[in-house]
Amino acid sequence: MIPKVFKEIIELGDGRTISIETGKLAKQAHGSVVVQSGKCMLLCTVVSNYKQSDVDFLPLTVDYREKFAASGRYPGGFFKREARPSDGEVLTMRLVDRVLRPLFPKDYHAETQVMIQLMSHDDDVMPEAMAGLAASAAIQLSDFPFECAISEARVGRVNGEFVINPTRAQLEESDLEMMIGASADSVMMVEGEMDEISEEEMADAIKFAHEAIKVQIAAQIRLAEAFGKKEVREYETAEENEDLAKKIHELAYDKCYAIAKQGTSKAERSTAFSEIKEEIKASFTEEEIEEFGHLVGGYYRKAEKEAIRELTLSEGLRLDGRKTDEIRPIWCEIDYLPSTHGSAIFTRGETQALATVTLGTSREANKIDMPSYEGEETFYLHYNFPPFCTGEARPLRGTSRREVGHGNLAQRALKGMIPADCPYTVRVVSEVLESNGSSSMATVCSGTMALMDAGVQMKSPVSGIAMGLISDGDRYAVLSDILGDEDHLGDMDFKVTGTANGITACQMDIKIKGLSYEILVNALKQARDGRLHILEKLTDTIAAPNADVKDHAPTMVTRRIPNEFIGALIGPGGKVIQEMQKETETTIVINEDPVTEEGIVEILGVGNKGIDAVMAKIDSILFKPEVGNVYEVKVIKMLDFGAVVEYMDAPGNEVLLHVSELAWERTENVSDVVNMGDVFDVKYFGLDKRTRKEKVSRKALLPKPEGFVERPPRDNNRGRDNRGRDNRGRDNRRDDRKRD
């Protein structure tokens with residue numbers, strides 16, 4: 001039976017479209033769609049169990065995978081099968097998860113899985129920009145309890161014009177790249193990088209993307225209506241007790257307000273709030289605790305949250321006693337680790353990050369091998385968030401999605417400030433040692449200082465700040481440099497990084513509907529004031545990049561050579577280059593430039609001695625004597641018929657100085673004129689026509705002896721007649737032919 005297919009088309013402009021189709025594939029899933037643009041096709045399926053899980057949160061899994069077959073390729077490695085997700089796939093999962101999760105009911109705890117797969121790839125289409133659209137469209141076809149349709153779009157700006165879902169080639173020319181997630185009436189998520197743009201320009205980009213998202217949402221709704229929108233499933237809702245909630249609010253609110261107003265530390269606050277909670281529990285009988293004790297914790301947290309928010313809105317005070325725009329105390333230090341190429345500590349309040357920088361060759365570049373993109377990064381940042389930084393003990397199970405996401409944000413914040421002519425591959429590693437509010441922004445700050453400490457010539461230093469927003473609809477307060485607690489209780493969490501000239505990266509999660517662009521711009525401007533304050537602390541510690549790398553750090557020198565000499569530099573089986581690296585204690589990497597058809601030689605070494613030796617060897621390999629020039633040589637070998645000499649300017653380049661070119665007088669023994677180790681000048685004559693070998697002469701630079709008569713050139717036909725017979729009448733032509 002031929003399936004009935006339902007399809008909607010979205011116009012992107014420039015002749016590009018996105019289609020959403022359902023009814024053909026994966027019909028046993030609770031919702032499935034195929035989203036296509038050009039030859040790029042994503043299959044998205046959604047499934048949610050009908051039984052609630054025994055947890056107090058939504059066990060939602062968003063999984064995005066790219067199949068290598070989609071681009072006609074094999075997976076790399078020994079096992080020819082897709083394995084764990086790449087960082088690029090993890091970042092796409094996070095982009096989708098952050099928009100979907102808040103739209104499920106708070107009491108919906110059924111195991112839910114969203115699977116998005118790249119089934120066909122198009123070089124001109126970046127698939128992750130359509131992942132949010134695919135996920136929402138599939139959910140609209142299901143019976144899940146879900147608040148409203150959403151979508152995501154990437155926005156770039158090329159030649160001053162905004163572009164939706166630009167190609168990778170367009171992004172290379174763009175001065176911003178942002179992913180926006182939104183419903184029809186509210187922006188919910190923003191993430192991206194920029195080339196030092198203003199707050200107003202950022203807001204304009206968000207507005208432009210939001211208009212495109214509204215069109216995509218309308219297409220989802222039309223598709224769901226045509227397909228037949230299912231009734232929302234019934235599920236076991238959370239138990240509510242209004243009388244209990246009111247009682248706990250009365251018992252907790254004033255006490256929590258008073259504790260919040262004291263402006264204590266994280267540990268003191270946590271202890272005080274816990275004591276209030278225990279007092280409330282103690283006020284109930286054992287029978288009451290057994291009956292509804294499981295509700296006490298949730299109602300208490302609600303009262304605590306309301307008290308803290310009201311303190312900020314009514315009095316402009318925060319949990320640690322600061323005003324809304326006040327930054328916590330900051331101290332910084334550079335060159336803390338003696339053996340690293342660069343290091344820095346950044347501490348802001350109870351958040352601390354230690355960053356290190358390592359310099360290397362192109363061999364250390366981060367290789368990216370995805371079906372949708374192949375390339376490499378010569379600047380990359382890794383972020384580690386161990387459990388001790390929050391006073392916890394838990395097992396380490398590899399790099400978390402959170403660590404990948406926060407590290408990527410810090411990397412995007414800094415990478416635009418690394419100069420294009422930086423010869424090194426640069427790796428930054430951030431170790432978060434304490435955390436109470438935005439360790440990713442602490443990573444940006446410590447990373448900036450570590451880079452400058454390492455001698456990387458950054459265009460401008462970068463600082464970052466995490467901001468929050470509390471609003472009750474009529475009143476709002478923007479919070480600078482938020483605490484971890486404020487992150488959870490606020491209505492917007494946004495991180496902004498930038499230089500003194502403008503924004504370089506951002507990440508926002510907006511939790512309230514209908515946030516006005518006026519409030520957004522005001523929040524961004526307050527963030528700018530905070531960034532500049534933090535930037536001043538960084539530049540007080542290190543004002544500019546160090547002029548040179550540290551004494552124990554490697555120096556990088558690059559040299560371009562014609563492609564024809566690459567083989568000679570490498571040697572048979574790599575013998576020449578391996579011996580050179582061993583002798584000079586350097587690292588040598590050779591790459592070919594397909595544009596200029598030259599070899600790019602990277603020489604990495606500590607100190608100049610080894611590098612100078614490698615450069616001399618390259619000069620030797622590239623050495624080509626010019627006819628008529630005079631060169632200084634050294635005798636390195638004595639022969640019966642001459643001496644082998646080495647050019648002093650090009651060690652390793654040898655040439656035979658024939659005995660006849662030693663002196664004007666007849667030379668019986670080579671040692672009569674020169675000896676081993678003698679240094680003198682010779683003149684270069686190029687290739688000898690008779691011997692087809694290079695010819696140099698010592699005697700050509702000496703004056704002729706008085707009365708010297710040069711021997712006439714030998715006549716090979718002397719004594720023969722025109723028929724080739726010698727003066728004795730013999731025919732020597734046959735002998736000549738034999739010799740020939």
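User: Which residue forms a salt bridge with Asp-143, and in which loop does that partner lie?
Analyst: In this predicted model, the closest N and O atoms of the salt bridge to Asp-143 are 2.9 Å apart, and the partner is Arg-233. The pair links distant parts of the chain, 90 residues apart, with Asp-143 in the loop between helix 2 (131-140) and strand 7 (150-158). Arg-233, for its part, lies in the loop between helix 4 (199-227) and helix 5 (242-261).

User: Is Arg-233 buried or exposed?
Analyst: The cut-off for buried is a relative accessible area under 20%. Asp-143, the salt-bridge partner of Arg-233, counts as buried at 11% relative accessibility. Because the relative accessibility of Arg-233 is 7%, Arg-233 likewise counts as buried.

User: How many residues apart in sequence are the parts that Glu-201 and Arg-157 tie together?
Analyst: Glu-201 and Arg-157 form a salt bridge in which the closest N and O atoms are 3.2 Å apart. Since Glu-201 belongs to helix 4 and Arg-157 to strand 7, the pair ties together parts of the chain whose separation in sequence is 44 residues.

User: What is the angle between the planes of Phe-6 and Phe-227?
Analyst: The structure holds eleven aromatic pairs, and one of them joins Phe-6 and Phe-227 at 5.6 Å centre to centre. This pair links strand 1 (residues 6-13), where Phe-6 lies, with helix 4, where Phe-227 lies, across 221 residues. An edge-to-face pair needs planes over 60 degrees apart, and the pair of Phe-6 and Phe-227 is edge-to-face, with an angle of 85°.

User: Are Phe-104 and Tyr-108 buried or exposed?
Analyst: Phe-104 and Tyr-108 form a stacked aromatic pair, 6.1 Å centre to centre and with 5° between the planes. Ring pairs also link these two residues with Phe-146 and Tyr-235 into a cluster. As to accessibility, both Phe-104 and Tyr-108 are buried.

User: Which residue lies over the face of Phe-680?
Analyst: A charge over a ring must have its Lys NZ or Arg CZ within 6 Å of the ring centre. One such case is Lys-207, which lies over the face of Tyr-517 at 5.1 Å from the ring centre. Over the face of Phe-680, at 5.7 Å from the ring centre, lies Arg-698.

Note on methods: Residues numbered from 1 in each chain as written. Predicted model: local features only at pLDDT ≥ 70, side-chain atom pairs only at ≥ 80, totals over all residues. Heavy atoms only, no water. Salt bridge = Lys/Arg side-chain N within 4 Å of Asp/Glu carboxyl O. Helix = DSSP H or I, 4+ residues; strand = E, 2+ residues; numbered from the N terminus. Buried < 20%, exposed > 50% of the residue type's maximum accessible area, 1.4 Å probe, protein only. Phe/Tyr/Trp six-rings, centres within 6.5 Å; stacked < 30°, edge-to-face > 60°. Lys NZ or Arg CZ within 6 Å of the ring centre and 35° of its normal.
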